[in-house]
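We will go from stop to stop, picking residues and looking at what surrounds them.

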Amino acid sequence: RTDPVAYRWIILGVGILAYGATQFSRQNFTGVQKFIAADLALDRGTLGLMASAFFYSYALFQMPWGIASDRLGSRAIIVGGILFTALTMSGFATGETTGSLIVWRILAGIAAAAVYVPLTGGIARWFPERERGLSQGTLGGVGGAFGEGAAYALLPILSIYFASGWREGMHMIAGGIAVVGVMALLLLRSSPTPVSAKTRQPFEWRLLGDPEVLCYAFLWSGFVIGIRIAQTWIAVYAADVYISGQGMPLNQAVVTAGLLALFAYTVAGRAIGCPLAGRMSDLLARRGISRTLVIMAWLVIGTVSFQVLSAGVTSIWALVILAVLLGTSVNLFALIPAAISDTFGQQRTASLSSFANTMAQLSGATALAVSGYVGISLNAQPGNALAEYRGIWLSAVVGMAVVVLLSIGSYLALRNGW
């Protein structure tokens, strides 16, 4: 027997570790891209394609895992997803060809899909309405920062200083993920009461035509487009800035850029900024300000930040400020499950979040897949590594701007009863 008032923080803590473990699997090669590219002779287009392979399978398995979680309880599904993630991580580290790496990325996407959306439903059941923004923002912000930190900084440091290369370093991380799976098995609970852990009919197809559900799906898509491009390219862009602007050796530039991404984008922006923004959304909701409008405002901030990056930022301090803004703004998709709980109730949070996240992940994977090729095609200065990023950042601007307009249209349709 546990006190649900106190134990909800244990649930959140375990959820942060669980989400962090699968967040690393999404970006498992981000911090060591240059090493993998050199090992297998990959260009930026191929790296973008390999990154997107994860997210297509991740997207397609959102709804099956989300609906199963609301029907059967989240604990077993989450634990299975974490352990399978550890297995796919070690498999990726053994890959010798581009094709084998892509296959392991696809399997990792299936595994990771079983974790975040089920966690949103579990958190919604454990936390009261007044803490929805704080709890979901902390799960997405701190949990995501934990996984990103491992990808941006821990894996490069392990690979360079404590292991024989990126492959052995990745095996080490996989072992840590397996430990998190065992912790989740021992400590995670689906709900404060067994009765509320399951929902007989968590999803109805008619809800797909609801303007508010579509609005949430469009908003989530905008955030994920921004996340996919920021997560994949911000650290490697910083490394190229250090190499071209300061003449740093490759290894030093990779580690320094990883630390910049870790402390600016991940720690300051995501781990600190997202919970604070979540808390702010709770306070504004109590004053009658729509959580949906707050979410839209953050998405606009992210879009503007990418536009500034496309101008060719080379100042390290300017890059740090933009990384912090992006770390907060593009990761506030975590407020959407809170808004869904506000509107449709905690029993349907995971299943409806899974639909919105399916659309979002497909959008994000497509944006990521084309971003590298757009960067190459829009490069007006052949041989200038930094010039290739202009097209990458503009891919984010265009994709996010389109879904912002679609979400505003859905919101207006809802408010005017169209």
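What follows is a short tour, one selection at a time.

**Before you start**

This is a predicted model, in which local features need pLDDT of at least 70 and side-chain atom pairs count only at pLDDT 80 or more, while totals for chains, interfaces and linings use all residues. Residues are numbered from 1 along each chain as its sequence is written, and side-chain values use heavy atoms, with hydrogens and water left out. Helices are DSSP runs (H or I, at least four residues), numbered from the N terminus. Buried means under 20% relative accessible area and exposed over 50%, with partly exposed in between (1.4 Å probe, protein chains only).

**Stop 1: the nonpolar core**

Select Ile36, Tyr116, Tyr237, Phe306, Leu309 and Trp393. These are the residues with the most contacts inside the largest nonpolar core, which has 124 residues. A nonpolar core here is a set of buried Ala, Val, Leu, Ile, Met, Phe, Trp, Tyr and Cys residues joined through side-chain atoms within 4.5 Å. Now colour helix 10 (residues 211–246), which gives the most to this core, with 21 residues.

Next, centre on Leu309. Not counting residues up to four places away in sequence, Leu309 touches Ile234, Tyr237, Leu319, Leu322, Leu326 and Trp393; contact means heavy atoms within 4.5 Å.

**Stop 2: aromatic rings**

Rings of Phe, Tyr and Trp (its six-membered ring) pair if their centres lie within 6.5 Å; planes under 30 degrees apart count as stacked, over 60 as edge-to-face and the rest as tilted. By this rule there are twelve aromatic pairs.

For an edge-to-face pair, select Tyr237 and Trp393: 5.5 Å centre to centre, 85° between the planes. Tyr237 belongs to helix 10 and Trp393 to helix 16 (residues 389–416), so to speak two distant parts of the chain, 156 residues apart, linked by the pair. Tyr237 and Trp393 are both buried.

**Stop 3: helix 12 and its cap**

Phe306 and Leu309 are among the buried residues of helix 12, as are Arg291 and Trp298. Helix 12 (residues 291–309) has 19 residues and reaches 28 Å from its first C-alpha to its last, close to the 27 Å expected at 1.5 Å a residue; the expected span is 1.5 Å times one less than the number of residues. Zoom in on Ser290, which caps the N-terminal end of helix 12 with a side-chain oxygen 3.1 Å from the backbone nitrogen of Thr292.

**Stop 4: a buried arginine**

What does the side chain of Arg132 make a polar contact with? Select Asp342: its side chain is the partner, at 2.9 Å. A polar contact is a pair of N or O atoms within 3.5 Å; within protein, one must be able to donate a hydrogen and the other to accept it, and residues adjacent in sequence count only if both atoms are side-chain atoms. Arg132 is in helix 8 (residues 132–162) and is buried, with a relative accessible area of 12%. Leaving aside neighbours within four places in sequence, Arg132 is also in contact with residues including Asp282, Arg291 and Ser341.

**Stop 5: Thr358**

Move to Thr358 in helix 15 (residues 349–377). Is Thr358 buried or exposed? At 13% relative accessibility, Thr358 counts as buried. A polar atom of its side chain lies 2.7 Å from the backbone oxygen of Ser354. Beyond four places in sequence, Thr358 is in contact with Ala59, Gln62 and Met63.

**Stop 6: out to the surface**

Finish with Arg206, in the loop between helix 9 (166–187) and helix 10. Arg206 counts as exposed, at 60% relative accessibility. Ala38, in helix 2 (residues 33–40), is exposed too, at 65%.
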